[in-house]
Amino acid sequence: MSAATTRSRTPRTPRTPDRLCAEAVGLARAAAEEAAAPGVVGEHVEVVVEGDRVVTHLFECKEFGYRGWRWAVTVARASRAKVVTLDETVLLPGPDALLAPEWVPWSERLRPGDMGPGDLLPTDAEDLRLEPGYSGEEEPPPNSAVSEEMAELVEAEDADVTPVSPAELPVAPARGSIAAVADELGMRRARVLSRYGLHVAADRWDEAYGAKTPMAQAAPAACVSCGFLVRIGGSLGQAFGICGNEFGPADGHVVSLSYGCGGHSEAAVMPKPPRPAPPVLDETRVDVLPLRPAADSGSVVSGEGAGEDDLGHS
C-alpha cells in the first residue's frame with residue numbers, strides 16, 4: 001500500500017475554517033431571517049467547521065419558547081471557486097437549550113386511575129403478571145378420570161366410563177363438559193395471574209389498605225374479625241377481603257385482613273381498657289387533728305420551758 005493511499009484513507013480534521021465561508025456572515029443571517037422572521041435571529045455566536053470549505057454559522061434565537069436554541073446556517077464553497085453558496089438552515093438546541101423531557105413509552109407512563117370510559121389497555125403477550133390458563137379445548141388432561149390413560153384405573157374402581165366425549169352423547173350433559181366445569185370454576189380464561197402478578201397485587205393492596213397505614217394503627221380491631229368483611233376465594237383470600245361497610249374509608253376496596261378502622265362491626269361492644277377508680281372523699285365524717293404534738297413525737301423539747309410555747313417552736 002502506497003503512502004498516498006494511506007494518506008487518502010486517513011480522515012483529516014480541519015483546524016481552521018475556510019476564509020471566504022467564515023466571512024459569509026451576512027449571507028448566513030439573510031438565510032436565517034428568511035427561514036424565521038426579521039428580529040427573531042439574534043447575534044452571531046460562533047463558526048463551526050464541518051469539513052473542507054464547509055462551515056456552519058450559529059445565531060442566537062430570540063423566539064419565545066426556544067430559550068438556548070440557535071439558528072444554524074451551513075455554507076460551502078466549491079474547490080477553486082470564489083462564490084459561497086447556501087447549504088441548509090435549521091434551528092438546533094444549544095448546550096443550555098430548553099428541551100422537552102425524554103420520550104417514555106405509554107406503557108411506562110400509565111398510572112393507576114389514568115383509564116377512562118372507553119379506553120382500551122392491551123397487555124403484552126410476555127406480560128410477567130400473567131401466565132397461560134385454561135386452553136379452551138375439550139381434550140382432558142392425561143391425569144383426568146375421563147382420559148384414555150386413566151380408563152383402566154377407572155374400570156378397576158367399577159366405574160362406568162363413556163367411550164366418547166360428553167359432547168358426542170345423544171343428550172349432551174352441558175354441566176358435565178370440561179368447558180362448562182371450567183367456566184363454572186372461573187378457569188375458562190386464556191391467561192391467569194402468575195406468581196409474580198399475585199405478589200405485585202398483594203404488595204399494592206397492602207400498601208393502600210394494610211396494617212401499616214395510620215387508619216389501621218388507630219383501629220380498635222383488625223378486619224379479620226369484622227362482620228362487614230366479604231371473603232374472597234383463591235390464594236389471596238388468605239390475606240385479603242373486600243370491605244362492605246358503606247361508612248368505612250375502604251368501602252368496596254380490597255383490604256388486608258390486618259387492616260382496620262373505626263367502623264368495625266364490634267367496635268361498640270368491645271371491652272374498653274380498665275381505668276383507675278376515682279378517689280372517694282367522705283364529706284360526712286370529721287377527722288380530728290391534735291393541736292399539740294405528743295410529748296414523745298420528737299417535735300418539742302421536753303423539760304423546762306416546754307409549756308412556754310403551746311404550739312411548739314416558733
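Okay, let's start with a pairing: strand 1 (residues 41-51) and strand 2 run antiparallel, with seven bridges joining them. When I say two strands pair, I mean DSSP finds at least two bridges between them.

The model is predicted, so local features need pLDDT of at least 70 and side-chain atom pairs count only at pLDDT 80 or more, while totals for chains, interfaces and linings use all residues. Residues are numbered from 1 along each chain as its sequence is written, and side-chain values use heavy atoms, with hydrogens and water left out.

Back to the hairpin. There are two residues between strand 1 and strand 2, and Arg53 takes a positive phi near 60 degrees there. Val49 stands opposite Val55 of strand 2.

Now, which residues does His57 touch? His57 sits in strand 2 (residues 54-61). Leaving out residues up to four places away in sequence, its contacts include Cys21, Ala22, His44, Glu46, Trp71 and Val73; a contact is heavy atoms within 4.5 Å. The side chains of His57 and His44 also make a polar contact of 3.1 Å. That term means a pair of N or O atoms within 3.5 Å; within protein, one must be able to donate a hydrogen and the other to accept it, and residues adjacent in sequence count only if both atoms are side-chain atoms. His57 has 0% relative accessibility, so it counts as buried. The cut-offs are under 20% relative accessible area for buried, over 50% for exposed and partly exposed in between, using a 1.4 Å probe and protein chains only.

Val45, over in strand 1, is partly exposed because its relative accessibility is 37%. Val45 and Leu58 are 13 residues apart in sequence, and their C-alpha atoms are 5.3 Å apart. Beyond four places in sequence, Val45 touches Leu58, Phe59, Glu60 and Arg70.

That brings in Arg70, which is in strand 3 (residues 69-77). The side chain of Arg70 makes a polar contact of 3.3 Å with that of Glu46. Arg70 also touches, among others, Leu58, Val90, Leu92 and Pro95.

With a relative accessible area of 46%, Ala30 is partly exposed. The C-alpha atoms of Ala30 and Val73 are separated by 9.7 Å, though the two are 43 residues apart along the chain.

So, helix 7. Which of its residues are buried? Gly197, Ala201 and Ala202. They cover an arc of only 130 degrees around the axis, which puts them on the same side of helix 7; the arc is that of the directions from the helix axis to the C-beta atoms. The buried residues pack against strand 6 (191-193) and strand 8 (240-243). Arg195, Asp203 and Glu207 are exposed on the other side of helix 7.

To finish, the whole protein: eight helices and nine strands. Of its 314 residues, 21% count as buried. And among contacts between residues at least 6 apart in sequence, 49% join residues at least 24 apart.

Notes: Helices (H or I, at least four residues) and strands (E, at least two) are DSSP runs, numbered from the N terminus.
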